[in-house]
Amino acid sequence: MTTSPGTLLLTRPDISALLTLDECIAAVEDAFRHHGEGRSPAPKVLGMPARDGGFHIKAALLSSSPPYFAAKLNGNFFYNAQRFAMPNIQGLIVLCDATNGYPLAVMHSIEITILRTGAATAVAAKHLARPDSRVATICGCGNQGRIQLRALCTVLALEHVYAFDVDEAKARRFADELSRELELAIEVVGQPASAVPKSDVCVTCTPAKRYFIHKEHVAPGTFLAAVGADNERKQELDPQLFVFNKVVTDVLDQCAEIGDLHHAIAQGLVQPSNVYAELGELVAGRKPGRTAREEITIFDSTGTALQDAAAAAVVYERAVQQERGSRFCF
């Protein structure tokens, strides 16, 4: 399956040039569909805490044609920017030929991580947000908040956005940049409680360790996408929200261990069996998404290696076509 000797090395600028958000959404949606149809095995994750951060390894087999295996190693250290003037999240993806194990490519992981996370929210919004949603709140105004809003705008005709970040200056930069880019009215708020009750959609993408979206602030009909909790110590949503509302996970077992769902389970409020569906089941048409205008829908998005593998495969195939990147042998 390889077209030339050696393994392809792809840098962050390579990834940016080779993968668009729309292409990533399509690839991620297809990966979830395969999983929902039972054609791809469940992805795996291994986490390891470290001082002021942690590492995780996420791996998946992609049942595409040709089939691929991908493993991503990311380090998440949320003081990096202020302490060392370096990215908070850093890592690599190794993409392999799933028919013989050959390492096809090693690539910078961050652009893929950012894009595929936003892509999953866009796919979930197709099924769980009200089609006439016009107002959104974005909590967390870094790179992930930006891609979340861009992704939502590919599937919803948003007109007004509330932006919240504990760093108000960051929220103001977010509003200035994206209001021009997306031609949206973006209003900075000091607390989510002032915006969430007025929103059709709320996305949380923060490193918070204590929930800040409270049950009483979420209006009927809201779609919530909880993106930030990707280890058992992080939390963004009130566990009570998981009790009576429609909950959809990216991968159930993973969310039960490290997602916002984990906290509701740990408090004995729900069991994994109370979760309505995995996103793949909705994409595959095995279960309907939103079925009532007034229901509150929740997407617990911990980020799966299926998404990484799908995006990495697109990048690799495009790089081969365009003869981009460099080869190395080992």
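Where does proline 66 lie? Proline 66 is in the loop between β3 and β4, where helices (H or I, at least four residues) and strands (E, at least two) are DSSP runs numbered from the N terminus. The peptide bond that joins serine 65 to proline 66 is cis, with omega at about 5°.

Some ground rules. This is a predicted model, so local features need pLDDT of at least 70 and side-chain atom pairs count only at pLDDT 80 or more, while totals for chains, interfaces and linings use all residues. Residues are numbered from 1 along each chain as its sequence is written, and side-chain values use heavy atoms, with hydrogens and water left out.

Now the sheet that holds β3 and β4. Seven strands form an open sheet in the order β2-β3-β4-β5-β6-β1-β15, with mixed pairing; two strands pair if DSSP finds at least two bridges between them. At the edges are β2 (44–50) and β15 (326–328), each pairing on one side only. From one strand to the next, the twist averages 15°. Angles here run from 0 to 180 degrees between N-to-C directions, and axes are lines fitted to C-alpha atoms, for helices over the stretch in contact.

Strand β1 (residues 7–10) pairs with β15 in the antiparallel sense over three bridges. One detail there: leucine 9 has serine 326 in β15 as its bridge partner. Helix α11 (residues 305–322) lies across β1, β3, β4, β5, β6 and β15, and runs at about 70° to β3.

The other sheet is also open. It has eight strands in the order β9-β8-β7-β10-β11-β14-β12-β13, with parallel pairing. Its edge strands, β9 and β13 (277–278), each have a single partner strand, so one side of each is left without a neighbour in the sheet. Helix α6 packs on this sheet, touching β7 (135–139), β8 and β9, and its direction makes about 175° with that of β9. Strands β11 (residues 223–226) and β14 (residues 297–300) pair in the parallel sense over four bridges, and aspartate 300 in β14 is the bridge partner of alanine 226.

Next, aspartate 165, in the loop between β8 (160–164) and α6 (168–182). Is aspartate 165 buried or exposed? It counts as buried because its relative accessibility is 13%; buried means under 20% relative accessible area, exposed over 50%, and partly exposed in between, with a 1.4 Å probe and protein chains only. Not counting residues up to four places away in sequence, aspartate 165 touches Gly140, Cys141, Gly142, Lys170 and Ala171, a contact being heavy atoms within 4.5 Å. Its side chain reaches the backbone nitrogen of cysteine 141 at 2.8 Å. The aspartate 165 side chain also reaches the backbone nitrogen of aspartate 167 at 2.8 Å.

Two loop residues have backbone angles to look at. Alanine 85, between α3 (80–84) and β5, has phi near 55°, a positive value in a residue other than glycine. Alanine 85 is exposed, with a relative accessible area of 73%. Glutamate 183 sits in the loop between α6 and β9 (185–188). Its phi is near 55°, again positive in a residue other than glycine, and glutamate 183 counts as exposed at 73% relative accessibility.

That leaves one item on my list, residues at a distance. Aspartate 165 and leucine 19 are 146 residues apart in sequence and 28 Å apart in space, C-alpha to C-alpha.

Technical notes: A polar contact is a pair of N or O atoms within 3.5 Å; within protein, one must be able to donate a hydrogen and the other to accept it, and residues adjacent in sequence count only if both atoms are side-chain atoms.
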